[in-house]
Amino acid sequence: MRTRTALAAVATAAALVGGAVDAACDPSKWKLPVDGHYDTAAKIDSQKLNVHLIAHSHDDPCVSVCLQVVVDVITCMGILMGYVSCCWVTCVSVTHRGWLVGVDQYYMERVQYILDTAVEELVRNPDRQFMFVEQSFFQRWWHEQGSEVQATVKQLVKEGRMDLTVNGGWCMHDEATPHYIAMVDQTAYGHKLLMEEFGISPRIGWQIDPFGHSATQGSLLSQGVGFDALYFARIDYQDYDQRKKNKDLEFIWRPSKSRGKSSEVFTGEIIDNYCPPGKFDFGNIGNEIQDDTELHDFDVCDEVDQFVQNAQMRGSASKGNHVFIPMGCDFQYDNSRHWFKNMDKLIHYVNQDARVNVLYSNLSYYTDLKKAEGLTWSVKTDDFMPYASGKHEYWSGFFTSRPTLKRFARVANVLMQQVRQLNSVYQSHHSSELESLQRAVGLVQHHDGLSGTEKQSVADDYALRLNDGIIKAEKEMNEILFVIGEKEPYHFCLMANTSVCDVSTQNDDFEVMVHNALPRTSVQTISIPI
Ligand SMILES: [Zn+2]
């Protein structure tokens with residue numbers, strides 16, 4: 001009874017407080033939507049701070065899923081009847097008890113709905129824009145669509161409203177642990193379909209979540225692949241504070257000593273990470289903008305005030321008349337209606353307030369405007385490693401964590417490169433068998449993959465994919481060898497370090513083939529269990 005009385009008292013107090021706030025926000029001061037339409041047709045206003053809303057969803061193909069697989073991971077050395085450069089392999093034998101795995105589970109539960117509903121919402125209002133980055137997800141979704149949806153998406157891409165010109169890699173790779181060849185490969189693999197289907201080539205880098213940034217990323221994987229700008233969100237906290245204070249969060253990065261100026265790229269560190277300010281995270285129920293004048297909690301004044309304050313904070317930390325706010329976060333937009341309806345309202349009301357000018361935008365447009373302002377930027381050389389998110393919070397453990405997965409991914413990449421070389425040398429046309437390994441090697445470069453920051457079950461899933469890919473690559477290799485006269489099949493012996501290799505331990509006679517992929521003589525020792 002006592003508890004019930006106390007609750008009633010609190011409820012009364014809350015109603016009184018709510019009434020007081022509502023009274024301060026006069027609904028009659030705002031123009032409401034006409035015929036159900038919010039005015040979202042904002043253009044650039046040279047007299048104001050322009051706030052570009054960048055609608056996006058950060059979709060990691062792996063983070064923290066419950067995966068029902070049992071994997072035996074055995075570290076091994078040596079590879080028999082394979083290639084000399086593939087020694088020190090990690091091998092897996094797998095019993096797959098589940099039906100969903102990391103990347104697939106995310107796709108089934110979230111990502112397909114993100115793309116489904118984003119397309120619907122873009123069609124609903126021609127001012128809206130949305131960017132999608134991770135090609136491993138997008139391309140799967142694309143191949144599932146019928147001709148009608150594909151035609152709609154092509155039109156949206158042509159109009160620049162479905163923006164696929166950002167990053168476009170198979171995944172958003174880690175920058176500390178992958179080999180540069182794997183980074184180039186997975187980026188090129190993602191870009192391939194974009195050129196074939198849409199005739200576009202990505203022009204903006206978007207490495208928002210990797211834990212620090214390498215000079216290789218700035219030089220080879222940004223300027224080197226033709227990006228006009230690179231944006232990211234994780235740099236050392238002291239560096240961040242200093243740059244924010246000095247309006248240096250956007251700058252020129254000249255990461256390569258040897259390439260000098262020709263390696264430089266316009267670079268931006270995102271203010272307050274890659275998610276929107278808390279109140280404007282429209283993926284959260286409770287953050288809706290309430291503009292029904294019949295209700296007591298009409299909150300347009302408060303919403304507009306808070307948004308303008310945040311925009312002005314960004315403006316004070318930036319040079320020029322343009323800032324952007326990332327409107328999206330991890331796996332957001334599976335209910336795109338929720339996001340876009342509230343962003344429509346935001347644009348409609350904030351532009352009536354007129355202190356700042358807010359619009360739907362994209363990073364290419366933002367970058368062009370920023371460059372056109374003729375501002376002077378500071379120059380950063382070297383890299384952004386290691387990353388510290390706070391005092392005593394150095395993200396350097398991942399350089400060496402999950403060493404077996406790191407090694408296995410390296411070996412898988414080497415195998416893929418070598419089978420590809422043989423394909424090229426012998427003019428074989430069986431390369432479709434390599435797709436599986438290409439995808440697995442591309443995916444594992446992810447910033448929650450090769451880095452080792454994923455859960456064990458997800459790491460197991462990566463190993464499984466690599467193993468499946470290697471088996472198919474072996475088939476491909478044998479087809480090539482058959483063409484050049486080798487009639488008996490060869491096998492990679494992935495568990496040779498534990499003396500497990502049926503071919504050499506159970507046969508008196510066997511043949512070893514060693515392939516030197518280097519353009520020079522190489523002397524190396526091969527270990528074979530007998
Ligand atoms: Zn991420």
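A charge sits over a ring if NZ of Lys or CZ of Arg is within 6 Å of the ring centre and within 35 degrees of the ring normal. Select Arg 140 and Tyr 107: the charged end of Arg 140 sits over the Tyr 107 ring, 4.9 Å from its centre. Then select Lys 380, whose charged end sits over the ring of Phe 384, 4.5 Å from the centre.

This is a predicted model, in which local features need pLDDT of at least 70 and side-chain atom pairs count only at pLDDT 80 or more, while totals for chains, interfaces and linings use all residues. Residues are numbered from 1 along each chain as its sequence is written, and side-chain values use heavy atoms, with hydrogens and water left out.

**Strand S10**

Select residues 322–327, strand S10. Helices (H or I, at least four residues) and strands (E, at least two) are DSSP runs, numbered from the N terminus. Six of the six residues of S10 are buried, so the strand is largely enclosed by the rest of the structure; buried means under 20% relative accessible area, exposed over 50%, partly exposed in between (1.4 Å probe, protein chains only). In a regular strand the side chains alternate between the two faces of the sheet. Here His 322, Phe 324 and Pro 326 are buried on one side, and Val 323, Ile 325 and Met 327 on the other.

Val 51 has Val 323 as its bridge partner in S10.

**The zinc ion**

Move to the zinc ion. Its protein donors are His 58 (NE2), Asp 60 (OD), Asp 60 (OD), Asp 209 (OD) and His 447 (NE2), lying 2.1 to 2.5 Å from it. Donors are N, O and S atoms within 2.8 Å of the metal (3.2 Å for Na, K and Ca); water is not among the atoms, so sites may look incomplete. His 58 lies in the loop between S1 and strand S2 (69–75) and His 447 in the loop between helix H12 (435–444) and helix H13 (456–483), so the pair ties together parts that are 389 residues apart in sequence. His 58 is buried at 1% relative accessibility, and His 447 is buried at 0%.

**Aromatic pairs**

Rings of Phe, Tyr and Trp (its six-membered ring) pair if their centres lie within 6.5 Å; planes under 30 degrees apart count as stacked, over 60 as edge-to-face and the rest as tilted. The structure holds 31 aromatic pairs. Select Phe 138 and Trp 142: this pair is stacked, 6.1 Å centre to centre, with 20° between the planes.

Technical notes. Two strands pair if DSSP finds at least two bridges between them.
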